[in-house]
Amino acid sequence: MQFTISNKDKNSSARAGELTTAHGTIKTPIFMPVGTAGSVKAVHQRELKDDIQAQIILGNTYHLYLRPGLDVLQKAGGLHKFNGWDKPILTDSGGYQVYSLSGTRKIKEEGVTFKSHIDGSKHIFSPEGVMDIQRKIGADIIMAFDECTPYPCDYEYARKSMDMTHRWLDRCIQQFDNSEGLYGYEQSLFPIVQGSTYKDLRKRSAEEIASKNRAGNAIGGLSVGEPAEDMYEMTELVCDILPQDKPRYLMGVGTPANILECIALGVDMFDCVMPTRNARNGMLFTTEGIINIRNKKWEDDFSPIDPNLGTYVDTFYTKAYLRHLIHSKEILGAQIASIHNLTFYLWLVGEAREQIISGTFYDWKEKMVKKLMTRL
């Protein structure tokens with residue numbers, strides 16, 4: 001995997017780059033749609049590629065491990081062959097899902113024992129096992145196994161958890177480096193910075209992760225309920241420590257404003273379920289601000305959803321029609337809104353990239369953050 005930076009913003013830490021993987025090149029900064037169970041909810045792969053213009057998507061190790069299971073994925077030739085997506089894929093380690101199963105899991109040095117949310121069966125995720133699982137899924141970028149601490153989190157717990165995440169990382173690296181991909185192409189391992197919202201822990205963790213000299217690095221444990229100011233403070237601190245010449249991935253973030261602010265702090269890669277989850281509930285992120293399409297004010301608004309984006313769903317369907325579909329719980333409503341929101345997110349990071357290249361990013365960002373937080 002190769003990462004090159006072509007442009008840097010003179011008024012912030014924003015940068016434009018290219019990340020080359022076995023399944024294609026990704027122009028950064030980039031947003032990655034989340035395909036939890038091998039599918040971005042309510043969206044065809046053709047729409048992801050042609051309309052939304054996604055360059056990389058996510059798969060979720062926990063969900064794919066449970067269903068369809070590793071045997072099916074291996075027989076298919078990996079997730080790319082199974083779901084028909086021929087561009088890059090990143091898999092998370094399952095650490096966040098295990099963290100969210102707080103009532104049914106036990107964390108020990110060996111790994112995490114948990115019960116399946118599907119049938120209650122017991123499983124264990126160890127650092128070594130998670131590396132093997134992600135090898136079998138076949139993602140281009142795989143994540144180290146970590147513990148995502150909750151917020152708020154007391155200092156001592158955050159410290160112990162971070163130290164264990166670092167020990168787990170050493171085991172991940174050893175297992176990863178002593179194994180090979182199963183499908184004839186290279187995979188890359190990204191370690192994850194933890195440390196909750198404590199500056200000294202984040203600093204220590206970032207230094208430890210940077211010392212491993214992997215192909216890229218991730219920042220985890222943010223966007224879990226802490227104030228946005230804390231997220232920005234921790235992100236800035238970590239980005240100042242992580243190597244300049246490696247991609248930086250901020251996991252699970254976030255709103256359009258979050259993304260622009262964190263691009264300015266030096267982040268290159270983002271993912272979040274927000275565009276699709278909110279779409280299914282009728283919240284649209286648009287180039288002019290936020291729309292709750294359920295509101296009565298859109299009942300007889302026959303203007304296109306967002307003509308500035310220019311895609312089929314945004315220019316063909318009206319706000320009134322989409323409101324009707326969402327109110328009627330028609331599946332098409334979720335599909336249209338999901339395609340729209342993802343198109344907007346990819347437009348946003350693409351526009352940010354163009355502004356960085358043009359040298360106008362910072363002033364543009366300041367205007368856009370205000371606009372994108374406005375409720376229409």
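Select Arg-214, which sits in the loop between helix H8 (199–211) and strand E14 (217–219). Helices (H or I, at least four residues) and strands (E, at least two) are DSSP runs, numbered from the N terminus. This is a predicted model: local features need pLDDT of at least 70, side-chain atom pairs count only at pLDDT 80 or more, and totals for chains, interfaces and linings use all residues. Residues are numbered from 1 along each chain as its sequence is written, and side-chain values use heavy atoms, with hydrogens and water left out.

Stay on Arg-214. Is Arg-214 buried or exposed? Arg-214 is buried, with a relative accessible area of 15%. Buried means under 20% relative accessible area, exposed over 50%, partly exposed in between (1.4 Å probe, protein chains only).

A polar contact of 2.8 Å links its side chain to that of Arg-214. A polar contact is a pair of N or O atoms within 3.5 Å; within protein, one must be able to donate a hydrogen and the other to accept it, and residues adjacent in sequence count only if both atoms are side-chain atoms.

Next, the strands. Select E2 (residues 15–21) and E3 (residues 24–28). They pair in the antiparallel sense over 5 bridges. Two strands pair if DSSP finds at least two bridges between them. A hairpin of 2 residues joins E2 to E3. Pick Thr-20: its bridge partner in E3 is Thr-25.

Move to the largest pocket, with a volume of about 870 Å³. On a 1 Å grid over the protein atoms alone, a pocket is an open set of points where a 1.4 Å probe fits, with protein on both sides within 12 Å along at least five of seven lines; lining residues have an atom within 4 Å of a point. Grid points are joined across faces, edges and corners, and a volume is the space filled by probe spheres set on the points.

Select Tyr-96, Gln-97, Gly-252, Asp-271 and Val-273. Of the 40 lining residues, these are the closest to the centre of the largest pocket. Which helix gives the most to this lining? H11 does, with 5 residues.

Last stop: the second largest pocket, with about 280 Å³ of space. Select Ile-52, Gln-53, Leu-346, Trp-347 and Gly-350. Among the 17 lining residues, these lie nearest the centre of the second largest pocket. Finish on H14, which supplies the largest share of this lining, 7 residues.
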